[in-house]
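Biologist: I'd like to learn how to read a few features of a model like this one. Could we go through them together?

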There are 2 protein chains.
Amino acid sequence: MTYVSIKFSKNRLFYIDQTKLPLEEKWLECKNLNDGYSAIKNLNVRGAPLIGIFAAYVIIIHLKSLPLEKSLFLKEFKRAIAYLKGCRPTAVNLAWALQRLETLCWENQSRSVSRIKEMLAREARLMHREDISLCDNMAAFGAKLISDNDRVLTHCNTGFLATAGKGTALAVIYQAKKDKKNVTVYVDETRPLLQGARLTAWELMKNKITAFVICDNSAAYLMRKGLIDKVFVGADRIAANGDVANKIGTYSAALAANFHKIPFYVVAPFTTFDLSLASGGDIPIEQRPQDEVRLIMGSLPVVPKKAKACNFAFDLTPHDLITAIVSDKGIIYPPYKENIKKIMVKIM
Amino acid sequence: MTYVSIKFSKNRLFYIDQTKLPLEEKWLECKNLNDGYSAIKNLNVRGAPLIGIFAAYVIIIHLKSLPLEKSLFLKEFKRAIAYLKGCRPTAVNLAWALQRLETLCWENQSRSVSRIKEMLAREARLMHREDISLCDNMAAFGAKLISDNDRVLTHCNTGFLATAGKGTALAVIYQAKKDKKNVTVYVDETRPLLQGARLTAWELMKNKITAFVICDNSAAYLMRKGLIDKVFVGADRIAANGDVANKIGTYSAALAANFHKIPFYVVAPFTTFDLSLASGGDIPIEQRPQDEVRLIMGSLPVVPKKAKACNFAFDLTPHDLITAIVSDKGIIYPPYKENIKKIMVKIM
């Protein structure tokens with residue numbers, strides 16, 4: 001069975017509200033640009049690859065409200081793209097997908113508005129199909145790294161809720177299972193927003209994979225006890241030298257894996273690479289509201305009134321802590337600077 | 001102002017219910033042995049030094065219900081001691097305090113039951129006063145390690161809620177403040193039971209110390225960003241070689257501190273040392289109910305129904321990751337095996 005987290009059909013866009021999972025499986029319709037912006041901003045739709053595809057569809061939904069006069073259309077289109085691009089800063093897939101629509105539009109601005117709209121809608125659907133096959137490719141490459149009876153640590157959510165396909169890091173595990181390998185997954189709960197506990201545990205149960213939710217702070221101790229064989233995580237942006245921005249806590253897990261000599265794999269499609277940045281230090285790291293730490297699930301206060309919190313939503317893992325990066329074009333090993341360049345040239 | 005977490009007066013024992021903090025400041029009375037057992041087991045009273053003193057008082061409360069005939073008294077007394085000792089396995093202070101009462105009783109078994117009861121009650125009060133002064137001593141030694149404007153990371157709760165005095169690691173910070181040093185504290189929230197977010201943040205606010213609650217998984221990244229100067233934590237048991245059992249997440253913080261060359265200090269009184277154990281591998285590590293991970297604050301589910309969790313309540317930090325151990329008798333530096341023995345001989 002194939003699960004999905006967004007649906008686009010007859011020019012209508014639907015998404016599963018990820019903030020309500022796993023307690024409630026609720027589908028909502030995104031009716032306009034502001035709906036889409038809020039859905040991404042408030043993490044109803046999240047996951048680096050998914051927000052790229054979703055944002056592209058949000059633009060398609062928005063097209064029908066744009067003026068028919070071409071110069072006005074182009075101006076409003078550009079404004080919508082810029083607005084959505086600014087919604088979340090760290091994952092590059094959002095900017096990448098929107099840039100692709102923008103470039104297509106600019107290259108075809110001599111055509112009629114209705115023709116441009118058609119082309120944009122076709123491009124969004126193409127990106128969607130591409131994302132599905134990127135996931136399949138990463139899964140196939142990554143599954144080779146998994147042995148029978150492996151116990152894998154993962155962080156945040158990187159499955160069908162994080163992409164338009166079957167996932168990045170979790171897709172590797174799904175593929176290993178399909179290949180008849182027995183895999184046990186330790187799932188970092190991933191505070192503050194608990195994407196591991198809420199979303200990854202839910203996905204793994206749907207896919208009948210043995211999983212244990214753990215508090216993020218216990219991963220290092222489980223490694224010391226010899227309970228973890230490999231770590232697989234996703235990425236929000238990868239710089240030219242292989243430095244990785246990903247959900248807060250990834251760096252901590254990478255340090256622990258490094259200390260215990262446990263392989264640490266990052267799984268991400270080419271859309272997550274940003275070769276314009278020499279290193280991870282240039283990646284903008286989103287800071288989100290203190291209340292995400294102060295109130296669990298937006299409702300349960302766990303600190304005294306007026307207590308302050310600090311909430312970096314992502315962190316940076318330097319490339320020398322990463323054993324390999326599993327991309328849709330193959331497994332990339334160090335030295336990353338050269339090997340990423342080689343594989344990216346093949347793609348682009 | 002001096003805050004306390006237990007009160008013993010006119011043979012009645014009261015404690016602040018730590019499971020309700022910080023939302024509610026509720027004092028309860030411990031009326032009998034079973035009350036006391038539950039209060040420790042369910043973490044209404046927690047903190048390695050505190051549960052030692054509290055358990056001693058629970059025994060004193062229990063004395064009045066014991067038979068007056070001596071052989072029956074001794075049998076029932078011994079049974080009560082054994083029962084309470086088994087309540088929580090990791091912190092050695094519990095066993096230490098109860099053993100001290102048991103030894104006193106055995107040494108004086110030729111005396112009348114009423115005389116033995118008097119002696120036990122006096123001993124419990126003495127241990128209470130001693131714990132207060134142990135805290136003062138640790139605070140004085142530890143504060144020398146803090147410089148003006150230090151930004152300190154701490155884990156779990158190690159203040160007046162964790163001891164009968166002003167604390168272990170937090171007492172060091174309180175003393176530094178008293179010495180007019182400006183200190184900013186980053187408080188690991190300490191999943192699953194959030195003792196950092198709930199208790200440490202509450203203590204620091206009461207003591208007007210600048211504090212930021214952080215998710216445990218972000219400490220390593222804050223270190224990388226240069227925001228942490230030192231780490232101070234408590235301990236539940238310290239083996240003869242300096243290996244430390246402490247709240248889950250301590251090991252993860254120690255690994256990160258080690259990688260970033262940030263001093264990592266453990267603060268604990270001699271009652272936390274267990275020289276009968278050669279190394280940390282011999283310390284029993286308590287596993288607690290899965291629901292502590294699955295349900296936040298015992299009520300809010302954060303995983304799918306039927307999802308499994310893994311809940312080690314403590315972890316082990318090997319001595320080579322520890323910069324120094326601040327004891328009530330002075331600061332202990334490596335090599336720990338020799339230096340712990342030297343300082344303990346002085347005490348015992």
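Biologist: Let's start with B:Asn42: what does its relative accessibility make it count as?

Modeller: This is a predicted model, so take each value as computed from it. Buried means under 20% relative accessible area, exposed means over 50%, and partly exposed is in between. B:Asn42 has a relative accessibility of 47%, so it counts as partly exposed.

Biologist: Where in chain B is B:Asn42 found?

Modeller: B:Asn42 sits in the loop that joins helix 1 (33-41) to helix 2 (48-63) of chain B. Setting aside neighbours within four places in sequence, its contacts are B:Thr19 and B:Arg288.

Biologist: Now for A:Leu50: is it buried or exposed?

Modeller: The cut-off for buried is under 20%. A:Leu50 has a relative accessible area of 1%, so it is buried. It lies in helix 2 (residues 48-63) of chain A.

Biologist: Which residues is A:Leu50 in contact with, leaving aside its neighbours within four places in sequence?

Modeller: Among them are A:Ser5, A:Ile6, A:Gln18 and A:Val45, and the list also includes A:Leu161, A:Ala162, A:Thr163 and A:Ala164. Take A:Ile6 as an example: 44 residues separate it from A:Leu50 along the chain, with 8.4 Å between the C-alpha atoms.

Biologist: Is B:Ile146 buried or exposed, and where is it found?

Modeller: B:Ile146 is buried, at a relative accessible area of 2%. Its place is the loop between helix 5 (113-143) and strand 4 (150-154) of chain B. Not counting residues up to four places away in sequence, B:Ile146 touches B:Val152, B:Val172, B:Ile173, B:Ala176, B:Lys181, B:Val183, B:Lys230 and B:Phe232. With B:Lys230, the C-alpha to C-alpha distance is 8.3 Å, while the sequence separation is 84 residues.

Biologist: Let's step back to the whole chain. How many helices and strands does chain A have?

Modeller: Chain A has eleven helices and 17 strands. Its radius of gyration is 20 Å, close to the 20 Å that the globule rule gives for 348 residues, so chain A is as compact as a globular protein of that length. Along the principal axes, its C-alpha atoms fill a box of roughly 65 × 50 × 40 Å.

Biologist: What share of the residues in chain A is buried?

Modeller: Buried residues are 64% of the 348 in chain A. For contacts with a separation of 6 or more, 75% come from residues 24 or more positions apart. The accessible surface of chain A is about 13100 Å², and carbon and sulfur atoms hold 52% of that.

Biologist: How many positive and negative side chains does chain A have?

Modeller: There are 49 positive and 33 negative side chains in chain A, and the centres of the two sets are 3 Å apart.

Biologist: What rotation superposes chain A on chain B?

Modeller: The general idea is that two copies of a chain are related by a rotation about an axis and a shift along it. Here the rotation is 180 degrees, the shift along the axis is 0.0 Å, and chain A superposes on chain B with an RMSD of 0.0 Å. That is the relation of a two-fold axis. The C-alpha of A:Asn217 is the one nearest the axis in chain A, 3.1 Å from it. The same surface serves both copies, as 98% of the contact residues of chain A recur in chain B.

Biologist: Last topic, the backbone. Which peptide bonds are cis?

Modeller: Most residues other than glycine have a negative phi, and most peptide bonds are trans. Among the cis bonds here is the one from B:Arg191 to B:Pro192, with omega near 5 degrees. B:Pro192 is in the loop between strand 5 (183-188) and helix 7 (195-206) of chain B. Another cis bond runs from B:Pro334 to B:Pro335, with omega near 0 degrees. B:Pro335 lies in the loop between strand 17 (330-332) and helix 11 (336-347) of chain B.

Biologist: And what is phi of A:Asn11, and of A:Leu43?

Modeller: Phi of A:Asn11 is near 60 degrees, a positive value, and phi of A:Leu43 is near 70 degrees, also positive. A:Asn11 is in the loop between strand 1 (6-9) and strand 2 (12-16) of chain A, and is partly exposed at 32% relative accessibility. A:Leu43 is in the loop between helix 1 (33-41) and helix 2 of chain A, and counts as buried at 8%.

Note on methods:
Residues numbered from 1 in each chain as written. Chains lettered and ligands numbered in written order. Predicted model: local features only at pLDDT ≥ 70, side-chain atom pairs only at ≥ 80, totals over all residues. Heavy atoms only, no water. Helix = DSSP H or I, 4+ residues; strand = E, 2+ residues; numbered from the N terminus. Rg over C-alpha atoms; globule rule 2.2 N^0.38 Å. Buried < 20%, exposed > 50% of the residue type's maximum accessible area, 1.4 Å probe, protein only. Contact = heavy atoms within 4.5 Å. Areas by Shrake-Rupley, 256 points an atom, 1.4 Å probe, with all protein chains shown as cover. Lys, Arg positive; Asp, Glu negative; His and termini not counted. Charge placed at Lys NZ, Arg CZ, Asp CG, Glu CD. Least-squares fit on C-alpha atoms with pLDDT ≥ 70 in both.
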